[in-house]
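Here's a quick briefing on a two-chain model. Have a look at the structure first, then work through the points below.

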Amino acid sequence: MIQINCLLILSAVMMFAGIFGFITRRSTLAILLSIELMLNAADINFAVFNRLLFNGQNVDGFFFTLFSIAITAAESAIAIAIMINIYRSLKDISVEKLEKMKW
Amino acid sequence: MDSFNIMFFILAALILFSSIACVVTKSILRAATYLFFALLGTAGLYFLMGYTFLGAVQLMVYAGGVVVLYVFAILLTRGRKDQLSKNSKSKIFSTLLLCLVGLAIFVLGIMKYQFQAEALSAPNEGVLKLSEVGSKMLSTGDGGYLLPFEAVSVLLLACIVAALVIARKR
């Protein structure tokens, strides 16, 4: 038997590790890695709540996780295409170099 | 303390260690590797909950697709010197404080709330059958997911086209 609190705290730690990386990282690819961590923490929560609170016929959380994984894959493909494009024009993907996109 | 608990603690330690190491390590390739282990741990957690299909999807999409894509992108876009996280001490400290306070609030909320179901038991055979997943995925009735399924397929098509258009040589 695993307490539900353990699973939720586990995903909360993962979420805040992602937020910490999102704020402190300078490379855009590393920021994207942090976003993956945050999305994954949300996925764990969907699956845990579905398994514990809606056991039986209701499988909405399961499908939310499934679609979230598909959308994450699509999102990272687009983001990496954008970063390769940035690298072609600026030769660097650090966020300090992206000042032209600010305005 | 049965094998179910022991497995959970191993997976939890793996996830905690690798997700924190992913955001503090110096090398970006190491960060991608730690992310990979965090995702593997999550897949193990899904297997532990009895959602074997979800675990398999997580392994295939993340390990087979996303992480490989990241590693290729990292190797393609090497800067002259990797400045992964060059911040002032005060910024790192204030971010750490922000994250710890947020985490404390989350943990407090989770501990205070009375959940309907308190504990997760080891899954028996029929938590969720694969045939049930398939029929729900393609049904239009109550609890059916045909419309999101089709929307995701259109999204993936748009994603392929957009990635090709954005990353092409001009």
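This is a predicted model: local features need pLDDT of at least 70, side-chain atom pairs count only at pLDDT 80 or more; totals for chains, interfaces and linings use all residues.

**Chain B overall**

- Chain B is built from six helices and one strand, and along the sequence they run in the order α-α-α-α-β-α-α.
- If you draw a box along the principal axes, the C-alpha atoms of chain B fill roughly 55 × 50 × 30 Å.
- Of the 170 residues in chain B, 25% count as buried.
- Take the contacts in chain B with a separation of 6 or more: 49% of them are between residues 24 or more positions apart.

**A helix pair inside chain B**

- Helix H2 (residues 28-49) and helix H3 (residues 52-76) of chain B pack with their axes 8 Å apart, at an angle of about 175 degrees.
- Angles over 145 degrees count as roughly antiparallel, and H2(B) and H3(B) are therefore roughly antiparallel to each other.
- On the H2(B) side, the residues that meet H3(B) include Leu35(B), Phe36(B), Leu39(B) and Tyr46(B).
- On the H3(B) side, the residues that meet H2(B) include Leu59(B), Tyr62(B), Val67(B) and Ile74(B).
- What classes of residue make up the contact of H2(B) with H3(B)? There are 18 nonpolar and four polar residues, and no charged ones.

**Chain A overall**

- Chain A has three helices and one strand, in the order β-α-α-α along the sequence.
- For 103 residues, a compact globule would have a radius of gyration near 13 Å, but chain A has 17 Å.
- The box for chain A, again along the principal axes, is roughly 55 × 25 × 20 Å for the C-alpha atoms.
- Buried residues account for 51% of the 103 residues in chain A.
- Among contacts in chain A with a separation of 6 or more, 44% link residues 24 or more positions apart.

**Where the two chains meet**

- The contact draws 58 residues from chain A and 67 residues from chain B.
- On the side of chain A that touches chain B, at least two residues each come from strand E1 (2-3), helix H1 (4-24), helix H2 (28-53) and helix H3 (60-90) of chain A.
- Which element of chain A gives the most to that side? H3(A) does, with 20 residues.
- Sorted by class, the side of chain A that touches chain B has 42 nonpolar, 11 polar and five charged residues.

**A closer look at Asn5(A)**

- Asn5(A) sits in helix H1 of chain A.
- Leaving out residues up to four places away in sequence, Asn5(A) touches Ile110(B) and Met111(B).
- Is Asn5(A) buried or partly exposed? A residue needs 20 or more other C-beta atoms within 10 Å to count as buried, and 12 or fewer makes it exposed; Asn5(A) has 15, so it is partly exposed.
- Asn5(A) and Gln57(A) are 52 residues apart in sequence, and their C-alpha atoms are 24 Å apart in space.

Technical notes:
Residues are numbered from 1 along each chain as its sequence is written. Chains are lettered from A and ligands numbered from 1 in the order in which they are written. Two residues are in contact if their C-beta atoms, placed from the backbone, lie within 7 Å. Helices (H or I, at least four residues) and strands (E, at least two) are DSSP runs, numbered from the N terminus. Ala, Val, Leu, Ile, Met, Phe, Trp, Tyr, Cys and Pro count as nonpolar, Asp, Glu, Lys and Arg as charged, and the others, Gly among them, as polar. Axes are lines fitted to C-alpha atoms, for helices over the stretch in contact, and angles run from 0 to 180 degrees between N-to-C directions. Angles under 35 degrees count as roughly parallel, over 145 as roughly antiparallel, 65 to 115 as roughly perpendicular and the rest as oblique. The radius of gyration is taken over C-alpha atoms; the globule rule is 2.2 Å times the number of residues to the power 0.38.
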